[in-house]
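Please look over the sequence and the structure first.

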Amino acid sequence: MSKQRVRKLRWSDAEPDDPSTPIDWRIAALILATLFLNFPFWMSYGLHLWVPGPIPGDTILLLTGALLLIALFFVGPALAAQATRRPLPRVVEDSLGSIPAFGLRLCCAWFLVCWMATVIALPASWLLQFMLRRDVSLTESGLVAGGVLALAFVTGLQTPTVRAKLALFTNKLGIAILLAALIRVRDGWPAIWHGFQGSYAGPLILHDWHGLAILSFYVAPLAFLAAGFGGRSRGLKQVAAIGALGLVLPLFGTLFALAVIGVATNASALYQPSLEPTVAMALWSHVASSALPGYMMLTAITAFGALRFGAKALSDSVLPMVVGKRVRWAVLAAFIPAIAWLSIQNWATWAKLSVPLEWPPTCLAVASAVLTADFATSRWRVERAPRIDWVGTTALLAGCTAALYLPKWIVGADADQWWHPRLLPSYGVGFAVCLIGRTMQRLRSAPRLEEASR
């Protein structure tokens, strides 16, 4: 009798996850693509950059927006990490100092807890509805959310090779769901070339600015955290490949697919009047209630890739690499009930938290501006990080507090915060202050270096 080998599904890998070991750019690209190929992102940010008009002009707009966001928030920090061959937290210490870098770690944890809560909110409820076939209570949703998060942490803290294999599955599932949505609204395909019809009440440039600001609120902090892969890249070409194929292409491709699906849905028989033509309408409109839970479960699975990225980023932000596995798991386990509790809160609670939740993404966006300015001025060559780097820290504080002193027509009034107008101006202030400070620092140190060389 011949023996046949049975291929086993492994949830761990014998390869150690050493942050100093280079990894293939394809592994990083697969992991990062999950940030956009997931249903929560589709529902929250799908149509913000699409404006009335033919599809070629809107395609250029989407591509330009994707390139601009990744260039602002990923390229500089990733190149700085690659140049120093250090993890992102160490690069932040070089630019800000060890004390401000610790504060930024807390900011990363704050953001990731809130972001993961928004990602898990709907999928956890849908998974339980599929199993029980009835409406569920908040307690039940919280318990399921905790179980899903525990699975995301277990799989998200494996080696990059294992995470890439899991990400490949969720990415394929996300693409398949988008194709299924497009096929369901095929009677609306003739309207795709003409784009959305109608008019926008106001200048289109203002609409584009609003959409870019809303999208940057999601992309900026995640692109900054994704820049950590730059420290494990073998060269500049790999950093460019990660940015292009892991962030720009998935972001642009997803936004384009969602917009095309929205146009086709709006012109199809599946459109529900007075509602936004989203991918959910394309997938579930006129579907039998008995089949709906199964479809919801499939879309919920797409969120696992993003949750795994968040689990790994949370681990890297909160704990140093030298911490043992038991301590690491004990600390991370405390975050699971906090994220689960936040995920089941109602809109009133989220409205009360809107102001404090605005700060973490803005702070991380400004940190990416500081690292970008430091790389542009060659400030990333640091032997030992100081306790406080006054130029970098001043730039970080100036950017984070820009909304307090810039005019309202730049940062928006309190009623405008739904489109997050403060983030991009804060980035600009942080970059400008850091660039000016580093330039003055170099000019002051130039005579000393010249005398020392003599």
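Asp 389 is buried, because its relative accessible area of 5% falls under 20%. This is a predicted model. The Asp 389 side chain meets that of Arg 438 in a salt bridge, at 3.1 Å from N to O. The pair links distant parts of the chain. Asp 389 sits in the loop between α16 and α17 (390-400), Arg 438 in helix α20, and 49 residues separate them.

Arg 438 has another partner. Its side chain also forms a salt bridge with Asp 374, at 2.6 Å from N to O. Asp 374 lies in helix α16 (residues 354-376) and Arg 438 in helix α20 (residues 423-453), so this pair ties together parts that are 64 residues apart in sequence. Asp 374 is buried, at 1% relative accessible area. Arg 438 also counts as buried, at 1%. Through shared partners, salt bridges join Asp 374, Asp 389 and Arg 438 into one network.

The whole structure holds five salt bridges. The table gives some of them.

| Salt bridge | N to O distance |
|---|---|
| Asp 374 and Arg 438 | 2.6 Å |
| Asp 389 and Arg 438 | 3.1 Å |
| Asp 24 and Arg 26 | 2.8 Å |

What about the exposure of Asp 24 and Arg 26? Asp 24 is partly exposed, with a relative accessible area of 21%. Arg 26 is exposed, at 51%.

Now the nonpolar surface. Ile 205, Leu 206 and Trp 209 make a nonpolar surface patch of about 300 Å². Ile 205 belongs to helix α8 (residues 204-226). Ile 205 is exposed, with a relative accessible area of 64%.

Terms used: Residues numbered from 1 in each chain as written. Predicted model: local features only at pLDDT ≥ 70, side-chain atom pairs only at ≥ 80, totals over all residues. Heavy atoms only, no water. Patch = residues over 30% accessible without salt bridge, like charges linked within 9 Å, V, L, I, M, F, W, Y side chains within 5 Å. Areas by Shrake-Rupley, 256 points an atom, 1.4 Å probe, with all protein chains shown as cover. Salt bridge = Lys/Arg side-chain N within 4 Å of Asp/Glu carboxyl O. Helix = DSSP H or I, 4+ residues; strand = E, 2+ residues; numbered from the N terminus. Buried < 20%, exposed > 50% of the residue type's maximum accessible area, 1.4 Å probe, protein only.
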